[in-house]
Amino acid sequence: MRALVPRRIVLGEEWRVTPTHPLAETFLAQRPVLLRYLRARGAAEEAEDLLQDLWLKLASTSGQGVERPESYMMRMAHNLMLDRARATRRRLTRDDDYHRDGAEDGAAPSALADLIARERLDQVDRLLAALGERTDRIFRRHRVEGVAQRDIAAELGISLSAVEKHLQKAYRAIAAWQRGDGAVSGEART
Amino acid sequence: MTGAASHRLAEALDWARRLHDPDFADWDGHLAWLEADPANAALFDAVSLDLEAATAGLAPEPAPEPLPEAANDNPPAGVGRRWWLGSALAAALVGVIGIAGWTFRAEAPSSPLTIATALGQTRAVRLADGTQVAMNGGTTLHVDRATRAVSFGEGEAYFDVVHDPARPFRLQIGAASVEDIGTAFNVRRHDKMIEVAVRTGVVSFDPDGGTEPDDDAVILKAGQAIRIVDDRGAVRRVDRASVGGWRTGQLSYGDVALSEVANDLSRAIGQPVRLAPGDGMRRFSGTFKVDADAATSVRRFAAISGMRATRDGAGWRLTPEG
């Protein structure tokens with residue numbers, strides 16, 4: 001179905017950027033740093049293709065009302081790389097599952113998968129509860145509801161760095177639990 | 001884990017935390033960190049996906065039952081609740097909207113918790129009783145904080161219910177209600193149309209919500225769907241595997257109005273899909289796939305429904321082919 005969208009329109013070495021799009025100019029100016037970012041995230045020789053995907057995505061939006069277009073484009077590049085990593089992981093998991101559970105209808109989560117998901121959520125609930133209710137609520141407000149850390153700090157009347165400390169505690173506890181070992185140490189930058 | 005490895009992991013987690021913030025803007029700093037060590041990118045991807053996996057479907061509020069306490073710095077539950085209530089009130093006043101595209105308001109303990117998704121966005125939510133809800137775009141649910149009763153505003157959602165014979169799961173849909181007998185089912189509501197389709201188990205559907213003494217409840221088994229339009233209902237057979245298929249981008253229809261499909265498509269891609277009123281009456285049967293690429297998704301549907309898709313402002317217009 002992708003064939004409906006031309007994969008690459010070659011104009012010399014450049015593919016075409018619709019010049020009338022409101023974000024075209026910013027995109028062209030941002031192109032070098034976007035490429036550098038995609039490469040730093042491990043895109044290697046696919047960086048150019050991914051950059052084109054990014055433009056096609058951008059061009060399919062109206063481009064109106066974007067507050068910080070540079071940051072917006074970097075966010076898109078980040079999302080593209082994360083989508084790619086997610087697809088790779090899903091493929092590896094699927095190959096793995098296939099051997100264990102070949103009969104499963106691919107679209108439907110199996111009862112077993114549901115059970116595992118519930119068990120996982122119970123464990124995460126318990127783990128967060130053990131960190132204290134304040135950390136638990138701040139983490140959910142940030143991670144589930146996507147409220148900005150600055151806004152959480154304002155709501156609670158505490159400093160931004162206090163919110164960051166609560167979140168670091170929760171992030172490290174989850175990572176340590178997933179890796180099945182002790183604490184994650186170190187003063188990371190904030 | 002060595003000290004250095006543990007420190008690198010802490011850094012990667014911190015970048016994941018910072019990038020999750022809707023206001024994040026320090027891309028130069030992030031780029032510098034990535035370029036400082038070629039191994040950082042893979043570590044960053046790994047922790048980002050691990051966090052996603054750990055928190056998918058996590059409830060917006062801590063688990064209601066008191067859990068065994070492993071730490072002694074927990075405030076008593078009452079204190080914590082009051083603490084949060086004040087802040088939730090502040091949040092409601094400024095109209096906090098999450099980056100994930102759904103809103104959460106808690107004006108008072110008696111008011112229902114409203115969970116809503118924007119068009120084009122989906123959300124997995126776990127209710128207090130363990131019921132998993134997959135919400136399609138443009139959907140609103142209300143959860144009563146005290147009774148945990150759930151009522152369906154509009155849109156589409158798939159419910160996977162943990163059956164508890166002592167406390168059956170009940171869903172209010174306008175005047176009608178659905179009660180599970182251990183099941184997974186899908187609900188769609190738009191204007192005057194309500195549709196409940198059962199994937200596994202059995203539900204009892206009551207068009208008047210059990211308020212009338214007459215026993216007019218309908219038992220729906222797996223592979224059956226009821227559709228109510230203007231108080232007139234009909235039960236039909238559906239392909240079980242296609243129930244809730246929207247969760248994987250699969251939309252299936254058997255002889256429905258084109259306007260209804262256009263409405264679902266708008267919800268899925270987050271852009272309006274318009275039809276001339278006369279064309280909306282056309283019938284459609286078939287299955288097609290929608291994904292993140294709105295233009296391709298619309299053209300896919302146009303191709304199998306004999307329509308032509310053209311851009312129309314921020315959305316699309318479908319006109320008969322030829």
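## Chain A: contacts and fold pattern

Two residues are counted as being in contact if their C-beta atoms, placed from the backbone, lie within 7 Å. By that criterion, in this predicted model, residues 24 or more positions apart account for 51% of the contacts in chain A that have a separation of 6 or more.

Chain A contains 7 helices and 2 strands, and reading along the sequence gives the pattern β-β-α-α-α-α-α-α-α. Of the 190 residues in chain A, 29% are buried.

## Nonpolar cores

The largest nonpolar core comprises 47 residues, and the residues with the most contacts inside it are Leu38(A), Ala77(A), Leu13(B) and Ala16(B). Because domain 1 (2-85) and domain 2 (105-178) of chain A both contribute residues to this core, it lies between them. Another core, of 33 residues, lies apart from it and includes Phe169(B), Ile173(B), Ala184(B) and Phe185(B).

## Helix 1 of chain B

Helix 1 of chain B covers residues 3-19, and its 17 residues should span 24 Å at 1.5 Å a residue; the end C-alpha atoms are 24 Å apart, which agrees with that expectation.

Among the buried residues of helix 1 of chain B are Leu9(B), Ala10(B), Leu13(B), Trp15(B) and Ala16(B), and the buried set also includes Glu11(B), Asp14(B), Arg17(B) and Arg18(B). Two of the buried residues, Leu13(B) and Ala16(B), are also named among those with the most contacts inside the largest nonpolar core. The cover over the buried residues of this helix includes helix 7 (160-178) of chain A, together with helix 2 (27-36) and helix 3 (40-55) of chain B.

## A three-stranded sheet in chain B

Chain B holds an open sheet of 3 strands in the order 13-16-15, with mixed pairing. Strand 13 (273-275) and strand 15 (307-312) stand at the edges, each with a single partner strand, so one side of each is left without a neighbour in the sheet. Neighbouring strands of this sheet are turned by 30° against each other on average, direction ignored.

Strand 13 pairs with strand 16 (residues 315-320) of chain B in the parallel sense over 3 bridges, and Val273(B) stands opposite Trp316(B) in strand 16. Helix 5 (residues 258-269) of chain B lies across strand 13 and strand 16, running at about 165° to strand 13. Helix 7 (residues 294-305) of chain B also packs on the sheet, where it touches strand 13, strand 15 and strand 16, and its direction makes about 150° with that of strand 15.

Key. Residues are numbered from 1 along each chain as its sequence is written. Chains are lettered from A and ligands numbered from 1 in the order in which they are written. This is a predicted model: local features need pLDDT of at least 70, side-chain atom pairs count only at pLDDT 80 or more; totals for chains, interfaces and linings use all residues. A nonpolar core is a set of buried Ala, Val, Leu, Ile, Met, Phe, Trp, Tyr and Cys residues joined through C-beta atoms within 7 Å. A residue is buried if 20 or more other C-beta atoms lie within 10 Å of its own, exposed if 12 or fewer, and partly exposed in between; C-beta atoms are placed from the backbone. Domain bounds come from an automatic or database domain assignment. Helices (H or I, at least four residues) and strands (E, at least two) are DSSP runs, numbered from the N terminus. The expected span of a helix is 1.5 Å times one less than its number of residues. Two strands pair if DSSP finds at least two bridges between them. Axes are lines fitted to C-alpha atoms, for helices over the stretch in contact, and angles run from 0 to 180 degrees between N-to-C directions.
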